[in-house]
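Please keep the sequence and the coordinates in view while reading.

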Amino acid sequence: MISRKNFLKFTALGGLLPAKNWSSSLSPSSGGPEPNRPLVISTWNHGIPANEAAWDVLAKEGGALDAVEAGVRIPEADPDVRTVGYGGYPDRDGFVTLDACIMDEREQCGSVAALQHIKHPISVARKVKEESPHVMLVGEGALQFAVEQGFEKEDLLTEASRKDWKAWKEDADYRPEINIENHDTIGMLALDSRGNLSGACTTSGAAWKMHGRVGDSPLIGAGLFVDNEVGAAAATGLGEEVIRTCGSHLVVEQMRRGDHPETACRKAVRRIVEKNESVKDIQVGFIAVDKQGRFGGYSIQKGFSFAVCEAGRNRLVDAPYWD
Ligand code: SD4
């Protein structure tokens, strides 16, 4: 029987319409329907090893939530990924502060922001979802909760990141030019063999940010959004712009209206472009997956890529862009 919650959703939509109106201008990189075939998609080239870990879960008929958590833990633990987890760039005062969120097929979510000393903020975010009555914990409170949950406190500032921070401090020139060429936040979306969607997003945020700055990545609706009846989306790039437009939620709502995931991402990019006099120095990229297993991505600038793994085949796709 349809639940009251789902009934309300269903009737508010006038019944759920299948997403049919494929845009004729979709890029060849946009996915086609693969019913009941698991799929994982994630931002940037660090998405390739992350997808592998997620695929290990999906291939054994594991759930999408377990898959995305396992997947994004890979770059979180990798000191060579300088924009996520351990080894991430610090803020302007030299503190590595991490943002992450996770959302499952029941639209349950957990989030941490400005969390220090914990290598796997995504797993803390999951604990917030499952072991607390809240959705989001920040700063000292998030750290206290993590330690109570058994997470180990570590120094996350690697020698390489300390060196880069010292070099930056010589000029202390702060221009938040995010990810035009760098590899940044990992956002990951998975569809499992039961047809359920989940997503995760984790980052050390903008390098040299003000201490206490929180970006879009831990904010449900901005850095990540999942609606298991429609689709899921995640964002990377200049978080302030994604927050202003509630970017990932916007992408999901476009899919609800019938847009293909790539078209939905392009419309969210268009919203950002329209709100700015110039987007010359702004990069934002979105990825999305719909309930039918179609996927896509789109960015403001050239240079955004995302990794897609379906049927065990993992590949990097250059996203189409506005510019
Ligand atoms: C932030 N969106 O903190 C993150 C950073 C990022 O690509 O994604 N960079 O604003």
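**From the chain to the ligand site**

The protein chain has an accessible surface of about 13,700 Å², and carbon and sulfur atoms contribute 49% of it. Such areas come from the Shrake-Rupley method with a 1.4 Å probe, and for residues only the protein chains shown count as cover. The model is predicted: local features need pLDDT of at least 70, side-chain atom pairs count only at pLDDT 80 or more, and totals for chains, interfaces and linings use all residues. Residues are numbered from 1 along each chain as its sequence is written, and side-chain values use heavy atoms, with hydrogens and water left out.

The chain contains 9 helices and 12 strands; helices (H or I, at least four residues) and strands (E, at least two) are DSSP runs, numbered from the N terminus. Of its 323 residues, 58% count as buried. Buried here means under 20% relative accessible area, exposed means over 50%, and partly exposed lies in between (1.4 Å probe, protein chains only). Among contacts in the chain with a separation of 6 or more, 66% join residues 24 or more positions apart; a contact means heavy atoms within 4.5 Å.

The ligand is surrounded by 13 residues, the closest being Asp-184, Thr-185, Arg-213, Asp-216 and Gly-237. A residue is counted as near if one of its heavy atoms lies within 4 Å of the molecule. By class, this shell holds 2 nonpolar, 8 polar and 3 charged residues, where Ala, Val, Leu, Ile, Met, Phe, Trp, Tyr, Cys and Pro count as nonpolar, Asp, Glu, Lys and Arg as charged, and the others, Gly among them, as polar.

Thr-185 lies in the loop between helix 6 (159-171) and strand 5 (186-191). Because its relative accessible area is 6%, Thr-185 is buried. Leaving out residues up to four places away in sequence, Thr-185 touches several residues, including Thr-43, Trp-44, His-46, Cys-201, Ser-217 and Thr-236. A polar side-chain atom of Thr-185 lies 2.5 Å from an oxygen atom of the ligand. For Thr-236, a polar side-chain atom is 2.8 Å from a ligand oxygen atom, while a polar backbone atom of Gly-239 is 2.9 Å from an oxygen atom of the ligand. The protein covers 100% of the 280 Å² of accessible area that the ligand has on its own.

The "binding site" annotation in the unreviewed UniProt entry covers residues including Val-214, Asp-216, Thr-236 and Gly-239; UniProt annotations may be inferred rather than shown by experiment. Val-214 is found in the loop between strand 6 (197-203) and strand 7 (224-227), and Asp-216 also belongs to the loop between strand 6 and strand 7. Val-214 counts as partly exposed because its relative accessibility is 28%, whereas Asp-216, at 3%, counts as buried. Apart from neighbours within four places in sequence, Asp-216 is in contact with residues including Gly-237, Gly-239 and Ile-243. Ile-243 is also one of the residues that Val-214 touches.

Helix 8 (residues 247-256) is mostly covered, with 8 of its 10 residues buried. Its buried residues pack against strand 7, strand 8 (231-237), helix 7 (239-245), helix 9 (261-274) and strand 9 (284-290). Just after helix 8, Gly-258 takes a positive phi of about 115 degrees.

Methods
Polar contact = N/O pair within 3.5 Å; in protein donor to acceptor, adjacent residues only side chain to side chain.
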